[in-house]
Structure formats: C-alpha cells, structure tokens
Amino acid sequence: MTGAMFKLLTFLLGLYALLPTALARLCHVGVVWRVPKGGGRVAITFDDGPDPVYTPQVLKILKQYNVRACFFVLGERALAFPELVAQIHTKGHEVACHGYKHRIPWLLGPRATARDVREANAVLTRITGQQPRLYRPPWGMFNIFSLLYRWIDGQRVVLWSFMSWDWGRRATPRTIARQVLSRVADGSILVFHDSDGTPGAASGAPVKMLAALPLVLSELQKRGLKITSLAEMTAGRNHFSCSLQERAQNWWMRFDNFIIRHLSIENVDLDGKPSLFRLARRRYRGKPLTLPDGVVLRAGDPVGELHLNNNLLREITARGRTPERIALLTLKELRRSLPALAGYVRQTPRYRDIKALLGLTMLHQGTERLGFIKIELPSGLRRIARWYQGWLLVLMHPEGRRRLTGRKDKLTPKLVVISRAELLRRYLPAGNGSAAENNKQKQDDGGQQGKGEQ
C-alpha cells in the first residue's frame with residue numbers, strides 16, 4: 001500500500017465524519033434547526049427515551065399545559081417499553097426516530113448506519129402504525145452516509161436551535177430554565193432529555209429537567225409564544241425525494257474533482273475522451289511482492305496508483321438505468337480503457353520507470369482474467385476503504401444499497417496489482433516494443449534480486 005493512498009484514505013475518513021457534521025450543525029445544510037419566524041411558534045422535543053420513570057412524568061406536565069411535543073425515541077428502548085411509545089402516540093405527540101441504539105454515527109459505516117435507522121423505524125412503525133417522518137442522529141453527529149441516506153429515504157432531519165444542557169451533572173432546574181428562556185425566540189426548536197440511560201448523561205439528570213419544564217412552559221405562554229408540534233411546523237414542506245440523490249452526486253463530483261487536482265491524479269484519456277482510469281505516480285510502501293511474471297516490488301519502487309474515473313462512472317449509471325445495462329456498459333468501457341491505460345503508461349515519460357500499477361477497489365471480481373492479482377488489506381485499512389467505497393456505491397448505483405446487503409465477502413475492498421510489463425504485453429498491439437520492455441523489466445528485477453542476495 002502506498003503512503004499517498006493511506007494518507008488519502010485517512011483524509012477521507014476525517015471528511016466522512018467531520019465535514020457532514022459541520023455542514024449540518026454549523027451551516028444547517030439539509031436539516032431543520034428552526035422554523036421561519038413570524039408565527040410566534042416554538043417546538044419542544046425530547047431525546048433518548050422512552051423511560052418508565054421519567055417519560056410518564058413528562059407526559060403529565062405536557063397535558064397540564066395542553067402542549068404537544070415531539071419525542072425522538074431510541075428503537076431499543078421502544079422495544080423494551082412499547083406501552084410508553086403507544087401512550088406518547090395516543091396522547092397526540094409525535095413519535096420520531098433517534099436510531100436504534102445511541103451510537104456515534106462517526107464510528108458507523110454505511111451499512112451499519114442504514115441498519116441502525118431502519119431497525120428503529122421498523123419498531124416504531126409496528127407500535128404506532130405510522131412510519132416516523134422525522135429523524136435526529138445521536139448527539140447531532142453525522143457521517144456522510146447518514147446525512148445523504150436521510151435525504152434519499154424521505155425523512156426530515158431535525159436538530160435544534162440551541163442546547164438546554166439539561167443532561168449535565170452541574171445542571172439545576174434554574175440553570176436549565178435560564179439557558180432556555182434567555183435564548184428562546186420565535187421559531188426555536190428546543191431539546192430536552194427524558195432519559196439518563198445513554199452515554200454522557202448524568203444519572204438522575206431528567207429529575208432536574210422535570211423541575212425546570214413547568215417554569216419554561218409557563219414563561220413561554222406568558223411571552224405569547226405558541227408551543228406547537230413539529231408536525232404542524234413542518235406541515236406542507238416537501239419531503240426530500242430521490243431527485244436529491246442527483247444533488248448529492250453533484251456535490252460529491254465537485255469534491256472529487258478537488259481531490260484529483262490537489263493529489264496530482266490525472267485522467268487517462270484516449271483520443272481526447274476520458275477512459276475509466278485515473279493515474280498518479282507514487283512510491284510503493286508495502287512488503288516485498290513478487291508478481292506472476294517475475295517482477296518484484298520492493299518498498300520505494302515507483303508505481304502507478306490507479307483510480308476509477310467517477311465522472312465517467314456516473315455517466316454510465318445515468319445511461320444504463322438498470323443494473324444489467326450498467327454492467328454491460330461498464331464492461332465495454334473497460335475493454336476500451338485498458339489499452340488506453342497501457343498506451344498512456346508507455347508514452348508518458350514519468351511512468352516509463354514504474355514497475356507496476358495498483359489500485360484499491362471492492363469491484364475486483366474477475367480482475368484475475370484481466371491480468372491483475374488481488375492482495376488482502378490490513379483490517380483497519382479494509383474497514384476504512386469499505387466505508388468510503390460502500391457509500392460511493394450506494395450514491396452512484398441504482399441498486400447500491402441492496403448490493404451491499406448480504407454481500408460482505410464479495411464487496412470487501414482489495415488491492416489489485418499488475419506489472420507494467422504485463423499491462424503492455426496484454427493490451428498494446430503486437431510490434432510496439434512492449435516485449436522488449438518486458439524483458440528489460442525482468443532483467444532489472446533479476447539484477448536487483450541478485451544484488452540483494454549478495
């Protein structure tokens with residue numbers, strides 16, 4: 001594995017978690033964090049329940065003030081206390097999704113992210129008879145997939161206008177009420193917690209929230225602010241549809257082009273048209289590796305780092321529409337692109353001394369027939385690559401989500417490698433000098449090996 005590729009994957013891992021959270025929390029991209037001003041309305045929400053001790057007390061206070069709220073419920077706790085979820089629903093409050101378990105989205109891959117939300121939705125739908133319309137990720141954290149998945153799946157992502165800090169050890173009823181009432185305004189979405197069973201919550205914290213809640217509700221009513229359910233505040237707003245997948249693709253293409261420019265990755269063109277491949281010159285950083293044709297890769301050897309052209313893949317997906325058609329178009333493009341890659345490597349001076357070409361991909365089935373060998377990745381790097389490439393597959397492919405399900409073994413990322421000499425021998429027309437280059441490469445490797453033995 002080359003050092004540059006490892007750095008790229010590490011960089012992408014940071015973006016996988018930090019970028020979408022920043023976009024949602026700071027820039028409010030794709031999320032509801034308040035509602036338009038002018039209606040004198042405020043929404044109240046509760047996270048992390050239901051709880052058999054605290055939730056009934058919350059419901060009692062809300063009934064006393066004739067207020068409807070939204071409860072972002074954990075699927076695991078809903079399964080344990082279904083009667084409480086049913087009670088929330090029958091009393092006119094909205095039941096929304098907070099995931100199945102209170103797990104950090106930063107540490108979840110695409111498949112685990114989807115499963116966490118789907119399992120929670122299934123439990124809540126079974127109890128209430130209604131599919132949850134709204135979703136709030138634990139701690140308000142996102143990964144790229146969780147943000148895009150919610151858009152594509154049709155649920156609204158709801159955060160909050162500001163924190164009440166009601167879960168902290170130092171919180172008191174007075175500090176909670178002061179924190180809320182000093183900042184609340186027309187259109188605010190407030191957040192409280194009716195459970196102390198999640199990581200980070202102080203034991204018994206909801207007791208303080210329960211004491212502060214009547215103070216907050218009575219003061220809001222004195223100020224003339226109408227406490228309205230999120231269902232009413234978001235009524236009439238269109239749900240995100242699959243057309244937003246195209247928006248997500250456009251966003252990713254811009255980011256992809258930024259990466260290409262700044263990491264010295266170049267398109268491999270044929271007759272002025274892009275091929276399926278991109279290429280960068282790197283140094284090999286892995287263990288010594290002997291390829292089938294005798295070429296030996298050692299640390300520090302120059303190699304060509306292969307990347308797929310995502311712009312071309314997107315065009316193929318758009319033209320194909322069905323998985324079968326996409327597969328045929330991709331195969332046709334691959335047959336055109338491999339000779340283009342061989343010609344580019346032979347004609348471009350900076351690639352004349354590379355010993356091999358390698359790339360990291362989960363779409364490696366059948367690559368042996370093309371002259372490549374497959375290398376297993378270290379577990380940590382494999383997990384990172386699977387997160388990234390799995391999300392990309394879902395984003396680009398019409399059946400990407402279904403293909404990930406139940407195909408973990410076949411869609412495990414691997415390193416595919418082919419020697420430069422083998423690439424030229426297979427994919428350049430006869431008489432172009434590739435055989436001579438092949439023999440020279442083997443002689444060079446043999447000489448280096450002999451020196452090493454001495």
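Two strands pair if DSSP finds at least two bridges between them. Helices (H or I, at least four residues) and strands (E, at least two) are DSSP runs, numbered from the N terminus.

The model shown is predicted: local features need pLDDT of at least 70 and side-chain atom pairs count only at pLDDT 80 or more, while totals for chains, interfaces and linings use all residues. Residues are numbered from 1 along each chain as its sequence is written, and side-chain values use heavy atoms, with hydrogens and water left out.

**View 1. The protein chain as a whole.** The chain holds 16 helices and 15 strands. Of its 454 residues, 54% are buried (buried means under 20% relative accessible area, exposed over 50%, partly exposed in between; 1.4 Å probe, protein chains only). The accessible surface is about 21,100 Å², and carbon and sulfur atoms account for 53% of that area (Shrake-Rupley method, 1.4 Å probe; for residues, only the protein chains shown count as cover). Among contacts with a separation of 6 or more, 78% are between residues 24 or more positions apart (contact means heavy atoms within 4.5 Å).

**View 2. Strands 2 and 3.** Strand 2 and strand 3 run parallel and are joined by four bridges. C70 stands opposite E94 in strand 3. Strand 3 (residues 94-97) is covered on both faces: E94 and A96 are buried on one side, V95 and C97 on the other.

**View 3. Aromatic pairs.** A pair of aromatic rings is described by the distance of the centres and the angle of the planes. Rings of Phe, Tyr and Trp (its six-membered ring) pair if their centres lie within 6.5 Å; planes under 30 degrees apart count as stacked, over 60 as edge-to-face and the rest as tilted. The count by this rule is four aromatic pairs. The ring centres of F46 and F71 are 5.1 Å apart and the planes lie at 20°, so this pair is stacked. The pair links distant parts of the chain, with F46 in strand 1 (residues 41-47) and F71 in strand 2 (residues 70-73), 25 residues apart. F46 and F71 are both buried. The pair of Y344 and Y351 is tilted, at 6.1 Å centre to centre with 45° between the planes. Y344 and Y351 are buried too. Ring pairs also link F46, F71 and F192 into a cluster.

**View 4. The surroundings of T228.** T228 sits in the loop between strand 7 (226-227) and helix 9 (230-233). With a relative accessible area of 3%, T228 is buried. Neighbours within four places in sequence left aside, T228 is in contact with R41, V42, A43, I44, R68 and M233.
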